[in-house]
Amino acid sequence: MGRLSAAEQMHDLWDDLDQGGKMAKQLTDRGVRSLTSKPGVHRVARRLYLRVKPSLAAYWVMRYSKDRKAVEMSLGPYETLSLAQATAQAAALQVDRKNGTDPLKARRAALQRQASALFQDVATALIESKRAGWKNEKHAAQWETTLATYVFPAIGSLDVAAVDTEHVLKILKPIWTTKTETATRVRQRIEAVLNAAAARGLRSGDNPARWKGHLDNLLAKIPKKERTKHHAAIAWSDMPEFMAELRQKDGTSAKALEFCILTATRTGEAIEAQWSEVDLEGKVWTIPASRMKAKREHRVALSSRAVELLHALPRMEGEAWIFPGSRKGRPLSNMAMLELLRGMRPGLTVHGCRSSFRDWASEATHHSPELAEMALAHVITNQTEAAYRRGDLLERRRTLMEDWSNYLSPPKTCKVIPIHGASA
């Protein structure tokens, strides 16, 4: 058993056995996926566990014993590390243990030697330094999401001084012509992180993510008006099945996501909803201009199901937020609903549910397009139409949102059981 103490050897032996005393089996990808909706710590393989937080954010962890104490070491997010990769990483670290190296202590020493020069560390520090100057927390969340999705898997653990043009191109090329708006923002954010690294003396030379005179010679020039920005969405025909699955889940994130879908609102508008904005009797939710993308007050017609959902929510005395977060006095995290959705339908976005609503209204109803656009709080681009429109068509939108709610929750069919002996 190498250099492991007797106590550590016994802990390892115990960890390898299931409750029946037999050697525990390693879970499959499908088995692990089923655990992502269950908060807690779940054994996956030897020394490898999946820790699922109440927000349903999932992380791979390695657990072992050191000096008679249990040690837990994070290996990375479930979304960015496959089961095979996490298993291999845990196995390699176990070999280090047997050779006398404490994996967690070794990692801390390595990070200290790198002096926070990893791209992910520099990016995180930049976001924190800029956060106070941004208009709202959503901007920081957008930075975190795009970097975590497209950049960190490729260069997050790379020293900023080592990032070159080929690294940048490897990130941008797969999305440059299909998700051009997103790709443009990814490039700008990589450039900003590397500029910050240069300012801190962590790298030198030209910025490999700069556009003018560099990447403009290597990537196609796509006019701004032609850039595409599509949010992955659930097909409208699949929404009732998805909603039935969603309603089986408990927790604030699930309730917030259902409310967001029922009202066809944006993430920030839903999670920052306050009780003072809602008239339950009048079935209206008034979102102030300060929280709207168009900076105009928006009234949302609440369906019967939306009102029922709000009535059922626990309401603590003095609590302003309808969907409070884990931090006192703060609403639900901007990432909470997305993490829940990723666990249910990997690759999809909360914003894409607005697209599902819009497609349903166009393809499955007789409601006018402008009514659906008003429900989505979209700005009217036709100046003549905008000049003549005075109201917000709230009463007509009530029917639209009630139809949407009814579509998402179809009435249950009754099963007829024949009575034995009855004549035909």
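Which residues line the largest cavity? In this predicted model, local features need pLDDT of at least 70 and side-chain atom pairs count only at pLDDT 80 or more, while totals for chains, interfaces and linings use all residues. Residues are numbered from 1 along each chain as its sequence is written, and side-chain values use heavy atoms, with hydrogens and water left out.

The structure holds 1 cavity of 30 Å³ or more. A cavity here is a set of points, on a 1 Å grid over the protein atoms alone, where a 1.4 Å probe fits but cannot get out; lining residues have an atom within 4 Å of a point. The volume is about 40 Å³ for the largest cavity, taken as the space filled by probe spheres set on grid points joined across faces, edges and corners. Its lining is made up of Cys260, Ile261, Ala264, Thr265, Val350, Cys353, Arg354, Phe357 and Trp404. By class, 7 of these are nonpolar, 1 is polar and 1 is charged (Ala, Val, Leu, Ile, Met, Phe, Trp, Tyr, Cys and Pro count as nonpolar, Asp, Glu, Lys and Arg as charged, and the others, Gly among them, as polar).

Helices H10 (252–263) and H14 (352–364) each give at least two residues to this lining, and H14 has the largest share, with 3 residues. Helices (H or I, at least four residues) and strands (E, at least two) are DSSP runs, numbered from the N terminus.

Turning to the strands, an open antiparallel sheet of 3 strands runs in the order S5-S6-S7, where strands pair if DSSP finds at least two bridges between them. S5 (278–279) and S7 (298–301) are the edge strands, each pairing on one side only. Between S5 and S6 (residues 284–287), the antiparallel pairing covers 2 bridges, and aspartate 279 stands opposite valine 284 in S6.

Technical notes: 1 Å grid on protein atoms, 1.4 Å probe; cavity = no way out; pocket = protein on both sides within 12 Å on 5 of 7 lines; lining within 4 Å.
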